[in-house]
Amino acid sequence: MTDRRGERRLVDARLHLLSRQVLDPDGEPVGAVDDLALAGPDGGEVEAGREAHVDAILVGPVLATRLFGGRVPDSRLPRIAWDDVGHVGTAVELTVPSDRLDAVWVERWVRDRLIARIPGGRHDPEAGA
Amino acid sequence: MRARARRADHRDVTRQTGRRRAAALAVVALALAGCVPSRQEPGQATAAVADALAEATSAGETTRIAVGLLDDGRITGPVADTVLLDQLRVLDDAESALTTLVPPDAASSARRTTGLDAVGDVSDAVVAARAWAAARSGGDLAGDDSVPASADDLLAELTTALDATDAALAEAGGP
Amino acid sequence: MNVGDLLDARVLGPDGAPLGVVVDVRLSLEVVDEAEGGPGAGEDREEAEHDAPLSAQARRDAVGGARLVGLLVGPRGAGSFHGYERTGIRSPWPIPQLVRRRHRGTFLVRWEDVAAVETGTAVGDDGARRVRLARGYTQLPAELPSASG
Amino acid sequence: MKKLLAAALGILTAVGGFVDIGDLVTNAVVGSRFGMSLAWVVVLGVVGIVLFASMAGRVAAVSGRATFEIVRERLGPRAAGANLLASFAINLLTLTAEVGGIALALHLASSVEPRLWIPVAALAVWLVLWRVKFQVMENVAGLMGLLLVGFAIALFQLGPDWGELLRQAVPPSPPGAEHPASYWYYAVALFGAAMTPYEVFFFSSGAVEERWTAKDLGTNRVNVLLGFPLGGLLSLSIAACAAVVLLPAGIEVSSLSQVVLPVAQAGGVLLLAVVILGIVAATFGAALETALSSGYTLAQYLGWSWGKFRRPARAARFHLTMIVALLLAVGILMTSVDPVAVTEMSVVFSAVALPLTYVPILVVANDPEYMGEHVNGRVVNALGTVYLVIVVVAAVAAIPLMIATGAGS
């Protein structure tokens, strides 16, 4: 691997990013890339033809709107800031642990309200049968 | 019940078209036959009787094997009992296929009556086999007169019933 | 605006003539130096975690910002093999060949050449999503530079 | 023994695919009606699943991505969603059948009514999913399922006319008394059972559970080359036993209890006990495989955290999915439906799930961005393409054949 400073890599959103697995730094799955939010240079609305960049990965409910149509206000969609992305390969890897992401609140809710309350819910299966 | 009747209809048409029509036609005919179960060609009715009798034969032969194995001590009581119980269900299916059949003419009506008798005989033999198996494992039934004394008595009864089934099957043009 | 709003939107020329649909959105990822430094970093990760790419063979870059480069416009919807035709993959015959054939005529337009984007805002207003290109836009080849390059 | 343990994942996968409750009965039905004339389908199916499972395992080992992640990534949310619905339906129907199958097998062993065993069986399955380490699970369930080798032993003890069995098998043709449509229905059903998609979901996810890397490609090969042919062998011995004992007596198999009769005839109570234990283990293994697959597919499609190697609390929605699937299975069984009949319905869903699963695997196994130097070779690709055609033809033919023959009756 040579020095790649300043190099850019062209990717196509559908081909390389959408529907890929998002992992946290410990390899915990966080979600799938269900959509990508775009923003203008100052983080404002995108204007056609003007510079734009990926602002966030959208996970969860946005998939339903992509599949069945309809719209949810952007502010309501669980999102992971693009700044938190570390690596892009066959998966998208974050630099922030999943416990610090708001986007995985459903998983946390199911864990805290249901699964962790069942006896053995926090038992490590690898620790022995 | 409805599902059972439909199944029987699919079945008789399959056999019949097997002899007469191309497979492609069968698909259409079968789909239609499934929708109108009460109007049957004489040939279809006969084939339905043959099918029910084939099931009864299968149940009777299964019983024969199970009784023989139990007599030889090669099979456990619970397995033998499950086998016999399953065969009673098959015979029940065969019987209801025959009772729900609407014979289009006198000949197929007569075949149906013969078929019902034959299926009934096999059922009686299987019921007797269950009683024998239960008595053998030392239940309250031991010493009851209605229970066959030995496997040989039972197998003789079964053979008679299966002979009747074979005869009825030959009449219905079965294999 | 989301990438999903652009995908499958109808593309119109400056004069309003239909040109096709948006089959994909091209981005440019800034590739940064591994903070941990150099090629050794990948191996360390392997031991530390389970779900990381388990082999150095698969391409995996440390990335910074992702800039919107342009839209890929194709004659019909993307179908089921999103973007397969833009890679150099030729096997298993004949799947890539068939997909490529289906997408013949796909071209890239730079985002600077996009004059207006209308995204349907009402529920079920999916058909209203349109992208209009600016006068004097250019059609660029759609191929991606090869992965190894 | 060590090699057998190393191949436990492949063996459990194959046991769940080839000799689950539906296939135990189907194989005996086929043997009792068609003799060995459908043996070629089992061979065809073994080659096909070896091919695609080894690809799925290789993709999982090299890229760390399990099969349904790839399905979603390559097909996009829509087509993958269709596959998810069909695959989930197959998983759920099969899981239902297996829980019922465990109860039927325990009924054979105990004569306690199956309905009473159903909740016990479901609870036992859940406890294993909840608590037991993946490797322990696959070793115990997989190797115990191999007790079904009792069918092969029974076949030898029966001392059949091998020449006659061979004559039935080659050249293959339906016996005179049977309608060709029934013959082809069973051909498609056997092929579909061999290639059933939950095998690759389970196998590839199992590879991730076992932390395979590119170094484990040899293990992958051992698993598929040992596991699936063993599954096919069991499948053939069941059919052969039925062909030797039940076919000449004019018996048409309709229930699990008939399947074990040839074993009792050949080996007596001892061999019978071994085989019944094998049936309990095989159906239990298949229940685990399908329950896990229902969790794997949904979690991988939606990007949730999954895996038995994690604490349940670290894969909460994955475990919740499996709990719900098991509850649904018990609910369906409580309607007194025949578990074996339930598996017949999954043929319909296979028509959607089979192509939409195997095409992405083949495509990604050729993608250097995933596979680096481990992309498919020419021979594998040629075979893979041929099998895709067979899979599509079989999947499409399945539904009209099922309607035409009333599910083979």
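A: Happy to! Let us start with D:A353, which has 29 C-beta neighbours inside 10 Å and therefore counts as buried, since 20 or more are enough for that label. Please keep in mind that this is a predicted model.

Where does D:A353 sit? Its place is in helix α16 of chain D, the helix that covers residues 339-364. Setting aside neighbours within four places in sequence, D:A353 is in contact with D:N83, D:A86, D:S87, D:I90 and D:P197. For a sense of distance, take D:Q258, which is 95 residues away along the chain: its C-alpha atom and that of D:A353 are separated by 32 Å.

Chain D also meets chain B, through a pair of helices. On the chain B side, B:I65, B:A66 and B:L69 take part, meeting D:L261, D:A264 and D:Q265 in α14(D). The residues of this contact comprise five nonpolar, one polar and no charged.

Finally, a word on chain B itself. It has six helices and zero strands, giving the pattern α-α-α-α-α-α along the sequence. Of its 175 residues, 47% are buried. Among the contacts in chain B with a separation of 6 or more, 78% are between residues 24 or more positions apart.

How values were computed:
Residues are numbered from 1 along each chain as its sequence is written. Chains are lettered from A and ligands numbered from 1 in the order in which they are written. This is a predicted model: local features need pLDDT of at least 70, side-chain atom pairs count only at pLDDT 80 or more; totals for chains, interfaces and linings use all residues. Helices (H or I, at least four residues) and strands (E, at least two) are DSSP runs, numbered from the N terminus. A residue is buried if 20 or more other C-beta atoms lie within 10 Å of its own, exposed if 12 or fewer, and partly exposed in between; C-beta atoms are placed from the backbone. Two residues are in contact if their C-beta atoms, placed from the backbone, lie within 7 Å. Ala, Val, Leu, Ile, Met, Phe, Trp, Tyr, Cys and Pro count as nonpolar, Asp, Glu, Lys and Arg as charged, and the others, Gly among them, as polar.
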